[in-house]
Amino acid sequence: MHSPPPRTRPPFLVTGLVCAALSLVLLVLVAVRLPPLMSLDTTVAEALHRRAVTEPGLVQVNRVLTDWVWDPWTMRALTAVVVIALWWRGSRLLAGWVAATSLLATLVQQGLKAAVGRERPRWADPVDSAQYAAFPSGHVMTAAVTCGLLLWLLRLHGAQAPLWWGAPALAVVSVAGVAFTRVYLGVHWVSDVLGGALLGGSVVALSVAGHTAYTGRTRQPAGGGDSPL
């Protein structure tokens, strides 16, 4: 008699837990102001700021990207359009799940900002300004959550090449791009944007794992067999 195969954890759950653990470690290091991390943050921020004050044209490009293209409200508006489209097509559960995930990410972001209370970089000659606490970066976290959710929806709906190959590349460029703009413009430290990316990834991955588990149970008929989709 063959023994049943060992149960494995869903990949999204593993990814979410790993990102959450790394986020927690980084949060603790920021909170205790670990000297090597603070030194790295300061070194990178000062080097980029020295360049920014001599590159007004590039500063303007980065401000347009961060304030319009990758702004959190732009990302949330995109998510809202997707949620409305899903609801209109009758995918009510999926629409609610995406909306709830986006809202949860915003609450986590704002809660951590208030709890950590980290100061942003300060310059005698700033090229940009920002409000609220620094850790985690709201721009980066919102972009990571939005891009992650959109990639998941593309996968659910069976997107084909070249869309499926181009979408991940665009997502990576967006998250990495907004992370660079925030540090280049002198309104965030490197650890802030890294924390935003990790937290965004963890929220999306754990949400996807939760949706997969929930829909798997609801599709299971009383007799224990697989129900048709």
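This is a predicted model: local features need pLDDT of at least 70, side-chain atom pairs count only at pLDDT 80 or more; totals for chains, interfaces and linings use all residues.
**Entry 1: H4 against H6**

I began with helix H4 (residues 72-88) and helix H6 (residues 138-156), whose axes come within 9 Å and cross at roughly 25°. That angle is under 35 degrees, so I noted H4 and H6 as roughly parallel to each other. I also looked up the hand of the crossing of H4 and H6, and it is left-handed. On the H4 side, the contact is made by Pro 72, Met 75, Arg 76, Leu 78, Thr 79, Val 82 and Leu 86. H6 brings Gly 138, His 139, Thr 142, Ala 143, Thr 146, Leu 150 and Leu 153. Sorting the residues of this H4 and H6 contact gave me eight nonpolar, five polar and one charged.

**Entry 2: H4 against H5**

Next I turned to the packing of H4 with H5, where the axes are 7 Å apart and the angle is about 160°. Which way do H4 and H5 run, roughly parallel or roughly antiparallel? The angle is over 145 degrees, so I wrote down roughly antiparallel for H4 and H5. The crossing of H4 past H5 is left-handed. From H4, I listed Arg 76, Thr 79, Val 83, Leu 86 and Trp 87 in the contact. Facing them from H5 are Arg 92, Leu 94, Ala 95, Val 98, Ala 99, Ser 102, Thr 106 and Gln 109. The contact of H4 with H5 divides into seven nonpolar, four polar and two charged residues. Going back over my lists, I found Arg 76, Thr 79 and Leu 86 of H4 in the contact with H6 and again in the contact with H5.

**Entry 3: aromatic pairs**

How many aromatic pairs does a search of the whole structure find? I got two.

One of them joins Trp 97 and Tyr 214, with ring centres 5.9 Å apart and planes at 35°, so I logged the pair as tilted. Trp 97 sits in helix H5 (residues 92-116) and Tyr 214 in helix H8 (residues 190-218), so the pair ties together parts that are 117 residues apart in sequence. I checked both for accessibility: Trp 97 is partly exposed at 21%, and Tyr 214 is partly exposed at 36%.

Phe 180 and Tyr 184 form a stacked pair, 5.4 Å centre to centre with 25° between the planes. Both residues belong to helix H7 (residues 163-184), and they are four residues apart, about one turn of the helix. Are Phe 180 and Tyr 184 buried or partly exposed? Phe 180 is partly exposed, with a relative accessible area of 41%, whereas Tyr 184 is buried at 1%.

I stayed with H7 and picked out Ala 171. Its relative accessible area is 10%, so Ala 171 goes down as buried. Leaving out residues up to four places away in sequence, Ala 171 touches Cys 147 and Leu 151. I also looked up how Ala 171 lies relative to His 188: they are 17 residues apart in sequence, and 21 Å apart in space from C-alpha to C-alpha.

With 9% relative accessibility, Ser 174 counts as buried. What does Ser 174 touch, not counting residues up to four places away in sequence? I found Trp 70 and Cys 147.

Technical notes. Residues are numbered from 1 along each chain as its sequence is written. Side-chain values use heavy atoms; hydrogens and water are left out. Axes are lines fitted to C-alpha atoms, for helices over the stretch in contact, and angles run from 0 to 180 degrees between N-to-C directions. Helices (H or I, at least four residues) and strands (E, at least two) are DSSP runs, numbered from the N terminus. Angles under 35 degrees count as roughly parallel, over 145 as roughly antiparallel, 65 to 115 as roughly perpendicular and the rest as oblique. A crossing is left-handed if the near helix is turned anticlockwise from the far one by less than a right angle, and right-handed if clockwise. Contact means heavy atoms within 4.5 Å. Ala, Val, Leu, Ile, Met, Phe, Trp, Tyr, Cys and Pro count as nonpolar, Asp, Glu, Lys and Arg as charged, and the others, Gly among them, as polar. Rings of Phe, Tyr and Trp (its six-membered ring) pair if their centres lie within 6.5 Å; planes under 30 degrees apart count as stacked, over 60 as edge-to-face and the rest as tilted. Buried means under 20% relative accessible area, exposed over 50%, partly exposed in between (1.4 Å probe, protein chains only).
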